[in-house]
Amino acid sequence: MFVLVNLIVMLGMLVVVPAGVRLIDGAELTSIRRTWLLFAVPGGVALWLPRSTAATALAAVYALGTLALALHAPRRLIRTRSLAPAEIAVLTALVTPAVAGLALVAERSGHSLFGFSLPILALTVPHFHFAGFAAALVAGLVCRAAAGPAGRFAALSVPLGTLLVLGGYFLDDWAELLGALVLTAGMWAVALLTWRDVRTGGRDRFTRTLLAVSAAVLVATMLLALSWALGEATGLPHPTLTWMAATHGLGNALGFALCSVLAWRRLKETPA
């Protein structure tokens with residue numbers, strides 16, 4: 001699981017986040033777009049080093065990058081003065097990598113954070129790259145592309161579900177299950193709108209295929225997330241963390257996040 005999780009995290013750091021940031025409008029993001037890899041590469045190296053001062057220092061460099069990204073959220077809010085559902089989703093996407101960055105520093109230093117064990121901190125890092133950044137960003141993009149109640153629901157429930165899952169870490173497994181339910185509902189709404197509305201407007205077959213894969217994968221991966229959260233709360237049999245990393249984690253990273261940002265980049269760059 002160690003190697004798989006690290007590869008997933010590196011995909012988020014080096015590909016999904018920088019590609020996703022380029023999908024967010026705003027000239028104020030130009031600097032972080034240009035310098036992101038200067039923060040992400042040290043973070044990627046930190047993953048493979050033994051827990052040490054050096055690993056912690058490299059992780060801290062990445063955390064500074066995620067903090068710089070997060071600071072664009074209040075600036076954007078001041079500029080847009082909007083709390084429309086799509087904007088809330090984008091603001092969430094800007095902030096959530098900072099949670100991953102903080103968890104990475106704690107895990108690489110070998111210290112528990114807020115009572116969370118090192119394995120949980122290690123899994124928090126990919127979670128807030130994909131269920132945090134990528135999911136919120138795509139929900140916001142879908143909301144703008146497929147205007148209507150379903151789009152607004154997706155753009156609001158994904159950030160809310162992510163926040164509830166984070167809160168569940170501090171409360172109990174039942175609170176985390178509630179977060180998983182809300183997040184799953186939002187992600188399934190994203191999948192439905194992607195399949196029904198966004199995919200049909202794809203400019204070419206490859207773009208439509210990427211969108212179709214991202215929508216289909218979400219149905220399965222979020223069902224796995226629900227089964228795990230339900231099992232944790234009730235004691236019912238459920239997948240192990242290793243199995244979740246190999247299925248839910250890998251599926252969301254490659255099938256949803258990577259396919260989604262590639263498709264949206266193509267939609268953005270190709271004239272209608």
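1. In which helix does Phe2 lie? Phe2 is in helix H1; helices here are DSSP runs of H or I with at least four residues, numbered from the N terminus. The model is predicted, with local features needing pLDDT of at least 70 and side-chain atom pairs pLDDT 80 or more, while totals for chains, interfaces and linings use all residues. Residues are numbered from 1 along each chain as its sequence is written, and side-chain values use heavy atoms, without hydrogens and water.

2. A nonpolar surface patch is formed by Phe2, Val3, Leu7 and Trp48, with about 400 Å² of accessible area together (Shrake-Rupley method, 1.4 Å probe). Patch residues have over 30% relative accessible area and no salt bridge, and nonpolar side chains are joined within 5 Å; a salt bridge is a Lys or Arg side-chain nitrogen within 4 Å of an Asp or Glu carboxyl oxygen. H1 (residues 2–21) gives the most to this patch, 3 residues.

3. Thr92 belongs to helix H5 (residues 85–109). Thr92 counts as buried because its relative accessibility is 16%, and the cut-off for buried is under 20%. Its side chain reaches the backbone oxygen of Ile88 at 2.8 Å, a polar contact (N or O atoms within 3.5 Å, one able to donate a hydrogen and the other to accept it).

4. Helix H9 covers residues 205–234, and its 30 residues should span 44 Å at 1.5 Å a residue; the end C-alpha atoms are 44 Å apart, which agrees. The expected span is 1.5 Å times one less than the number of residues.

5. At Leu218, H9 bends by about 25° (the angle between axes fitted to the seven residues ending there and the seven starting there).

6. The N-terminal end of H9 is capped by Asp204, with a side-chain oxygen 3.0 Å from the backbone nitrogen of Phe206. Gly235 follows H9 and has a positive phi, near 85°.

Note on methods:
Helices (H or I, at least four residues) and strands (E, at least two) are DSSP runs, numbered from the N terminus. Patches are made of residues with over 30% relative accessible area and no salt bridge: like charges are joined within 9 Å, nonpolar side chains (Val, Leu, Ile, Met, Phe, Trp, Tyr) within 5 Å. Buried means under 20% relative accessible area, exposed over 50%, partly exposed in between (1.4 Å probe, protein chains only).
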